[in-house]
Amino acid sequence: MATTTTINPDGDAYLQQDQADTAKGGETLLRVGQFSAGNRRHAVLEFDVSAFTAPSDIVEANFTLTQQNSFGSSVRTMKLTRLNQDFTEAETTWNSAATGTVWTGGAGAQGNGEYTEPVYSILVGDDSGNQTVDIKELVVDAIN
């Protein structure tokens, strides 16, 4: 019989371009998308998959982003990928992964996606609605 397991992030934060040195870890909402010129917001999430040891057991892994509010006048594509740099939830900002540690891929962690691994896309902004994508290959890669 199949088992469904829900995994919530162990850490998450959003990175806000117009408040580039302000940490947004621990907020109740992750704000993502283009809010205005010079005001993009990215999100970083940390999931612990160490309890899973058999990648072949993963049938699907659905990532769901629930829209709380509509903001902006257009829908944009957001990429979901593994980060190639660790971050500290309470310290991460648009400019830094942690206090005293800049994002190696540039501000907003834009270049810190591990693009040699599976990459997924979802829509954000305006009235894009809730988005769900099956990120099975990304989870299997993380387990491996």
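1. Helices (H or I, at least four residues) and strands (E, at least two) are DSSP runs, numbered from the N terminus. This note concerns a predicted model, in which local features need pLDDT of at least 70 and side-chain atom pairs count only at pLDDT 80 or more, while totals for chains, interfaces and linings use all residues. Residues are numbered from 1 along each chain as its sequence is written, and side-chain values use heavy atoms, with hydrogens and water left out.

2. An open sheet is formed by 3 strands in the order β1-β3-β2, with antiparallel pairing, where two strands pair if DSSP finds at least two bridges between them. At its edges lie β1 (11-16) and β2 (33-36), each of which pairs on one side only. From one strand to the next the twist averages 20°, with axes taken as lines fitted to C-alpha atoms and angles running from 0 to 180 degrees between N-to-C directions.

3. Strand β3 (residues 39-46) runs antiparallel to β1 and is joined to it by 6 bridges, and within this pairing alanine 13 stands opposite valine 44 of β3.

4. Asparagine 39 also belongs to strand β3, and this residue counts as buried because its relative accessibility is 8%; buried means under 20% relative accessible area, exposed over 50%, and partly exposed in between, using a 1.4 Å probe and protein chains only. Leaving aside residues up to four places away in sequence, asparagine 39 touches Gln16, Gln17, Asp18, Gly33 and Gln34, where contact means heavy atoms within 4.5 Å.

5. Strand β5 (residues 76-80) and β8 run antiparallel and are joined by 5 bridges, and the partner of arginine 76 in β8 is valine 124. Strand β8 (residues 120-124) has a covered face made of Tyr120, Ile122 and Val124, whereas Ser121 and Leu123 make up the uncovered one.

6. A nonpolar core is a set of buried Ala, Val, Leu, Ile, Met, Phe, Trp, Tyr and Cys residues joined through side-chain atoms within 4.5 Å. The largest such core has 17 residues, and those with the most contacts inside it are Phe63, Leu65, Met78, Leu80, Ile122, Val133 and Ile135. At least two residues of this core come from each of β4 (62-65), β5, β8 and α1 (136-143), and α1 gives the most, with 4 residues.

7. Phenylalanine 63 touches Phe47, Leu80, Ile122, Gln131, Thr132, Val133 and Ile135, again not counting residues up to four places away in sequence. There is also a second, separate core of 9 residues, which includes Leu15, Phe87, Trp94 and Trp103.
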